Amino acid sequence: MKLPAPLRVYLLRHAQVALSSLGRLYRAPLASLMTAAVIGIALALPSGLYVLTDNLQRLGSQWDGGANLSLFLRHDVSIEQAEALKAKLDRWPEIERLRLITPQQALAEFRQLSGFGDTLDILEENPLPAVLAVKPAASATQPDTAAALKRRLQALPQVELAQLDLQWVKRFNALVTIVQRAIWVLSALLALAVLLITGNTIRLEIQNRREEIEITKLIGATGAFIRRPFLYSGLWYGFGGALLAALLLALAFLQLNAPVRELAGLYQSSFRLHLLDMGQWLVLLSSGALLGLIGAWIAVGRHLATIEPG
Amino acid sequence: MIRFDNISKRYPEGRDALQSVSFHLPAGAMAFLTGHSGAGKSTLLKLIALLERATRGQLFLDGENLTRTGKRKIPLVRRKIGMIFQNYRLLFDRTVFDNVALPLVIAGHRHQDIGRRVRAALDKVGLLDKERALPITLSGGEQQRVGIARAVVNKPPLLLADEPTGNLDPELSRDIMRLFEEFNRVGVTVLIASHDLDLIARLGHPQLRLHQGHLLNPEVLSIR
């Protein structure tokens, strides 16, 4: 496809200005790098926290499926009655699987895990109740359906206490939600910081090139022509900052990945740290570039108009 | 080319720079603008280039009423004018070539076109061998010739010069004035503000004399 000539010229001119602005930044590498680094850190912070909460949520959702119910049976319920109850509950559609833990089994397990073996011998009778471990069917794992199932089970006469293990998952999710809100606030503040950083950098650049701006205005440059290189500078600063932020994220990921895998291994979990997917990387890079552009736009709008040749 | 119709300019601080100035500089003419410093020479040139706006009166450039030109159209008006300054106003971080190319870049000319035109302009002012030099390495006379090359590179119909020889010795000044005459010979309208009266007298072009904001002899242009 061949573009119409005026559009081609227009795009070519933009490409030239984009390259020459990049070249200008390249000729002052230290100053450019420092500005980009400040932007990079400002972008890496919220992105890093996002990755963190994203992983926490993934972790939470892995356990969400195992939202189990524990039915603590009354002391006067015999083993046979417990077996009968189990057989009855097995037919409930909301229940996928049931496991009866007799008081003896519970005691043995406790003895093994707690290390209080000898102390437990002092007890005259087994204080532990029989427990039915209920794994709800998939239809009953949502917080509200699971709660409804819990209420039905609690109402059974043999049941002393029905405990929904989902509780902590809910609390955990609520906590993550709060942290996510905090990240949004932080992101907004840091985005503002990026705007101010690029805005200020571009303002200084405008002041340094005041003479050049006056001369080009004298020769008949339009506002757009004069604005363009500064806008591209802002864009490059933002984009460079986003690249550095991506680099920082990747480095932090490499640092954390191995220990997390080891820890997950200790818990027999297949959990893996998850960085960003392709779309999220693009969002990071483009939002950096966009913030830089907007910052430059604000500075250009405020300061270019005041420069008039005289 | 330029017509002033009862133009007055009062600066915000209350100084009257020009008072009821009227004249008509026809296309293809060459004239000097003389007067003491503060007589209003620079103000008159600035009004033509829309660097200042008239307080009263009508001002026409090439048939266009500049008193009605909107802010966004100002760059287009300036592209019709080649401007030359006493202090040259070159970009010192760019080569001679890039300085001269600037008006063409602004106007959006094609790359090949720019090279050809810049070399033609540098050739006319005798600086073809300096295209890669930085302005700082050139003498004052050479810098002013770069300024002139930049002013003529996009072939504007009008050249305005504000004390173009103010910083040059007499011999270089003559060379510069001769350059302006050459451009005038090929049809460019030229208006030069200068107080180098000896030099101007020898060149024999009409002189518009300003005194404290008044134009003393507007008839000098219509007589010819």
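**Exercise 1.** In this predicted model, find which helix gives the largest share of the lining of the largest pocket.

*Solution.* Start with the helices that each supply at least two lining residues: helix 1 (5–27), helix 8 (210–219) and helix 9 (223–266) of chain A, along with helix 3 (96–107) and helix 4 (111–124) of chain B. Helix 1 of chain A has the largest share, with 12 residues.

**Exercise 2.** Describe the space in the largest pocket and the residues around it.

*Solution.* The pocket holds about 1200 Å³. Next, look at its 34 lining residues: those closest to the centre are Gln16(A), Val17(A), Ser20(A), Phe225(A) and Val105(B). Finally, sort the lining by class, which gives 14 nonpolar, 9 polar and 11 charged residues.

**Exercise 3.** Work out how much area chain A and chain B bury between them, and which residues of chain A lose the most.

*Solution.* Begin with contacts: 18 residues of chain A touch 18 of chain B. The two chains bury about 1700 Å², with 59% of that on carbon and sulfur atoms. On the chain A side, Ile215(A), Leu218(A) and Ile219(A) lose the most, together 35% of what that side buries.

**Exercise 4.** Count the salt bridges across the interface and see which helix of chain A gives the largest share of its side.

*Solution.* There are 3 salt bridges between the chains. Polar contacts link 4 residue pairs between the chains. Helix 1 and helix 8 each supply at least two residues of chain A's side, and helix 8 has the largest share, 8 residues. By class, that side has 6 nonpolar, 4 polar and 8 charged residues.

Notes: Residues are numbered from 1 along each chain as its sequence is written. Chains are lettered from A and ligands numbered from 1 in the order in which they are written. This is a predicted model: local features need pLDDT of at least 70, side-chain atom pairs count only at pLDDT 80 or more; totals for chains, interfaces and linings use all residues. Side-chain values use heavy atoms; hydrogens and water are left out. On a 1 Å grid over the protein atoms alone, a cavity is a set of points where a 1.4 Å probe fits but cannot get out, and a pocket is an open set with protein on both sides within 12 Å along at least five of seven lines; lining residues have an atom within 4 Å of a point. Grid points are joined across faces, edges and corners, and a volume is the space filled by probe spheres set on the points. Helices (H or I, at least four residues) and strands (E, at least two) are DSSP runs, numbered from the N terminus. Ala, Val, Leu, Ile, Met, Phe, Trp, Tyr, Cys and Pro count as nonpolar, Asp, Glu, Lys and Arg as charged, and the others, Gly among them, as polar. Contact means heavy atoms within 4.5 Å. Buried area is the accessible area (1.4 Å probe) that two parts lose on being put together, summed over both. A salt bridge is a side-chain nitrogen of Lys or Arg within 4 Å of a carboxyl oxygen of Asp or Glu. A polar contact is a pair of N or O atoms within 3.5 Å; within protein, one must be able to donate a hydrogen and the other to accept it, and residues adjacent in sequence count only if both atoms are side-chain atoms.
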